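Have the viewer open as you read.

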Amino acid sequence: RFTGGAHERVLLHSPHTFDAATYETWVPLLNGGTVVVAPPGPVTPDLLKRLLPATRVTGLWLTAELLRTVAEIAPEVLGTVREVWAGGDVLAPGAVRRVREHCPGTRVVNGYGPTETTVFATAHRVTGDVGASVPIGRPLDHTRAHVLDRLLRPVPAGTAGELYVAGTGLAHGYLNRPGRTAERFVADPYGPPGTRMYRTG
């Protein structure tokens, strides 16, 4: 998902305590790319307008809210970027539509994943018409996602259930919080023996 040139030069603008900084730092570096460090201060559409073309950024992460703001004020600022990953909340379909209308060469990806799954667990590259909602997509490599009922049985397609995520990116639990860890990180009946999955809630 992170090969093919879209992540050659990734903008690092998240605080190091925010899990998105993991993507912004390691995806380019582990693929022979470059981390472009944003200047201190908030990321605004005006900053992106100046910074993205000047630094030749090819990929970046924006929160769903920041993508919505950029799409409303100045969607064209993303036109020099090959791929924009967004998430952290539900993506507004209208924002995705506006970015795609103004920047036809820019791919928009909905990256879903709680911090407990190391940034992204699933991804959906938006293609075609944007409907009433933007799907969270399919699991990334070495990740499994299950929609299960209260007895941890798979639910039929179109039926409500709870999303569980498992795989190599899963955290071991919460530091010094064994009760909370036991509640959220449960045995994975669909994975290898001894593995766990995370109840997303």
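Start with the second largest pocket, which comes out at about 170 Å³. What you're looking at is a predicted model, where local features need pLDDT of at least 70, side-chain atom pairs count only at pLDDT 80 or more, and totals for chains, interfaces and linings use all residues. Residues are numbered from 1 along each chain as its sequence is written, and side-chain values use heavy atoms, with hydrogens and water left out.

A pocket here is an open set of points on a 1 Å grid over the protein atoms alone, where a 1.4 Å probe fits and protein sits on both sides within 12 Å along at least five of seven lines; lining residues have an atom within 4 Å of a point. Points are joined across faces, edges and corners, and the volume is the space filled by probe spheres set on them.

Among the residues lining the second largest pocket are Tyr-112, Arg-138, His-146 and Leu-163. By class, its lining has six nonpolar residues, three polar and one charged (Ala, Val, Leu, Ile, Met, Phe, Trp, Tyr, Cys and Pro are nonpolar; Asp, Glu, Lys and Arg charged; the others, Gly among them, polar). β8 (143-148) gives the most, with three residues; strands are DSSP E runs of at least two residues, helices H or I runs of at least four, numbered from the N terminus. Where does this pocket lie? Domain 1 (9-139) and domain 2 (143-199) both give residues to its lining, so it lies between them; the bounds come from an automatic or database domain assignment.

Now for the largest pocket, at about 490 Å³. Of its 18 lining residues, the closest to the centre are Phe-2, Val-27, Thr-118, Phe-120 and Leu-140.

β1 (residues 9-12) and β2 (residues 34-37) run parallel, joined by four bridges; strands pair if DSSP finds at least two bridges between them. In β1, Arg-9 and Leu-11 point one way, Val-10 and Leu-12 the other, and all are buried (under 20% relative accessible area, with a 1.4 Å probe and protein chains only).

Finally, β3 (residues 59-63) has four of its five residues buried and pairs in the parallel sense with β4 (residues 83-87) over five bridges.

Key
Buried < 20%, exposed > 50% of the residue type's maximum accessible area, 1.4 Å probe, protein only.
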